[in-house]
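Please keep the sequence and the three-dimensional view at hand while reading.

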Amino acid sequence: MNEPDQRKDVTQREEPGRPEVNGRPEANGTPEANGTPEAIGTPGANGTASAGGVAGPAALAPAVRAVLDALAEGAERRGGPLPAGTPEELAAEVARELAAPGEDALRRLTALLAYGSADPADPACAAHLHCPPLAVAVAADLAVSALNPSLDSWDQAPAATEMETLLLRELAALVGYPPGAAGVVTSGGTESNLMGLMLARDQVLGRTSGRPLQLGGVPAGVPRARIFASAAAHFSVRRSAALLGLGEDAVVSVAVDRNLRMDPDALAGALRASAGRGEVPVAVVATAGTTDTGAIDPLGTCAALAAEHGAWLHVDAAYGGGALLSDRLAPLVAGIELADSVSLDWHKLGWQPVAAGVFLVRREETYESLARRAVYLNPADDEEAGYPSLLGRSLRTTRRADAFKIAVTLRTLGRDGLGRLVDACHDLARAGAEAVRAHPRLELHADPILTAFLFSYVPGDPARADQVNAGLRRRLLREGRAVVGRTELPGDGPGRVRLKLTLLNPHTTVDQVERLLHAVAAAGQAEEDAL
């Protein structure tokens with residue numbers, strides 16, 4: 001296990017001239033705000049107090065202060081992007097703490113969680129689409145947790161129901177949809193992709209069979225259904241096909257170029273071949289922002305080909321949808337407005353706490369197969385009397401008011417403010433790519449499109465490239481020095497393993513990215529020396 005000073009060159013934070021986003025709120029001088037024993041020695045000190053009602057905030061204040069103090073304690077102990085040591089060592093500590101009861105459990109376990117977390121706010125934590133949430137969004141999320149509205153009926157969430165409706169109208173306009181679009185806030189891209197493909201199945205196969213699929217299922221004798229997605233599409237596309245009863249084999253993998261962008265000629269050929277076999281093209285899934293390279297498929301061409309073959313177009317913009325916030329990057333997703341459905345994730349390039357996914361459809365009537373009537377939630381006479389229901393918008397019944405934090409963030413920063421954060425991360429990725437080019441032991445795969453790029457360490461023995469690159473990443477994890485992504489390029493044989501930086505912290509500096517890359521190279525040399 002390394003000494004703390006061995007990690008400083010990777011993790012120290014230098015943020016001159018950058019705005020403070022994550023500062024802790026000042027205490028208001030009351031015992032409740034400062035977490036003193038006087039605030040705790042009243043009803044609810046044993047954990048039974050409610051966070052809601054008129055008295056809820058006073059009961060919540062000392063607990064929140066304890067959490068804030070424990071978060072700082074755990075982060076200080078961690079001293080870097082993740083805890084040093086092995087998974088087994090951390091698992092043993094978690095087991096010990098969970099086995100110890102006591103009224104200090106909130107403080108102890110929060111400190112442990114903070115210590116044992118990968119911190120996306122640390123400049124050396126740059127592996128995944130795992131953003132550091134904005135303080136304003138986290139505070140908004142706390143309000144939702146305290147009030148606990150559920151969006152399966154108006155009488156459980158009066159204001160939140162209206163807020164989600166208006167937010168989705170705003171986001172549909174951001175995508176470029178005309179009036180008449182509809183949608184829902186989801187748990188993320190996986191749920192959104194499932195919904196898009198479910199509606200595609202219901203619309204296209206329902207049209208083919210002449211009968212609503214939600215009633216009788218996919219009838220026997222219908223030609224084989226096909227879904228077309230790039231070889232770099234998210235794995236949830238195949239999982240969704242399985243869940244929808246179409247089978248993973250229904251997904252046709254379309255070839256990609258070196259940047260993992262769908263080849264439009266390959267898509268056209270795959271659709272023609274499928275039609276020639278008498279199959280039904282249910283959907284084309286275009287990716288706007290692949291997880292590895294941020295590649296964006298040719299959305300306009302995909303829309304034209306889908307329309308030509310009567311297929312639904314779903315755009316998975318869970319990552320690349322953040323480009324809509326940036327004047328500089330928005331042209332990359334031109335054509336997204338032509339999609340029948342779209343996935344967006346605000347817990348990626350939107351800096352929200354998980355979960356903050358969004359699913360949108362271009363035409364509200366295509367949502368018909370999800371509509372449900374539950375007399376204890378959305379009776380018809382209530383809706384006729386003006387009490388709206390969102391029950392038929394989601395696959396879930398009980399549903400958290402996750403739209404609130406997105407709405408608060410948009411009102412606070414606006415599209416322009418969020419767009420500046422997107423551009424800052426894009427600038428970091430471009431600077432990081434140039435730093436890779438300048439390093440004698442690192443090799444860049446391709447220029448970044450959004451905020452991620454692939455690269456590799458170049459060992460003295462090329463035959464050991466995959467082994468060394470995979471090993472250096474684990475070495476950095478074990479030492480608690482950095483969280484770097486790892487993926488594999490399509491194809492066969494050695495030389496496919498690539499490292500990945502996904503830069504989602506707009507307050508990281510170029511110097512910090514360069515130090516991270518030097519740490520990667522040093523770990524690669526250490527791996528070579530250990531072989």
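Over the face of which residue does R393 lie? R393 lies over the face of Y367, at 5.1 Å from the ring centre. The model is predicted: local features need pLDDT of at least 70, side-chain atom pairs count only at pLDDT 80 or more, and totals for chains, interfaces and linings use all residues. Residues are numbered from 1 along each chain as its sequence is written, and side-chain values use heavy atoms, with hydrogens and water left out.

**Charges over rings**

- A charge sits over a ring if NZ of Lys or CZ of Arg is within 6 Å of the ring centre and within 35 degrees of the ring normal.
- R77 is placed over the face of Y115, at 3.6 Å from the ring centre.

**Aromatic pairs**

- The whole structure contains 3 aromatic pairs; rings of Phe, Tyr and Trp (its six-membered ring) pair if their centres lie within 6.5 Å, and planes under 30 degrees apart count as stacked, over 60 as edge-to-face and the rest as tilted.
- One of them joins W154 and Y387 edge-to-face, with 4.9 Å centre to centre and 80° between the planes.
- W154 lies in the loop between helix 7 (135–147) and helix 8 (158–175), and Y387 in the loop between helix 14 (380–384) and helix 15 (403–438), so the pair ties together parts that are 233 residues apart in sequence.
- Helices are DSSP runs (H or I, at least four residues), numbered from the N terminus.
- W154 has a relative accessible area of 29% and is partly exposed, and Y387 is partly exposed at 40%; buried means under 20%, exposed over 50%, and partly exposed in between (1.4 Å probe, protein chains only).
- F453 and F455 form a tilted pair, 5.8 Å centre to centre with 45° between the planes.
- F453 is buried at 1% relative accessibility, and F455 is buried at 0%.

**Helix 12 and helix 13**

- The axes of helix 12 (residues 264–276) and helix 13 (residues 299–308) come within 10 Å and cross at roughly 10°; axes are lines fitted to C-alpha atoms over the stretch in contact, and angles run from 0 to 180 degrees between N-to-C directions.
- Helix 12 is therefore roughly parallel to helix 13, a term for angles under 35 degrees.
- P264, L267, A268 and L271 in helix 12 meet T301, C302 and L305 in helix 13, where contact means heavy atoms within 4.5 Å.

**E527**

- E527 belongs to helix 17 (residues 510–530) and is buried, with a relative accessible area of 13%.
- Beyond its neighbours within four places in sequence, E527 contacts V468, G471, L472, R475 and R478.

Definitions and conventions. Helices (H or I, at least four residues) and strands (E, at least two) are DSSP runs, numbered from the N terminus. Angles under 35 degrees count as roughly parallel, over 145 as roughly antiparallel, 65 to 115 as roughly perpendicular and the rest as oblique.
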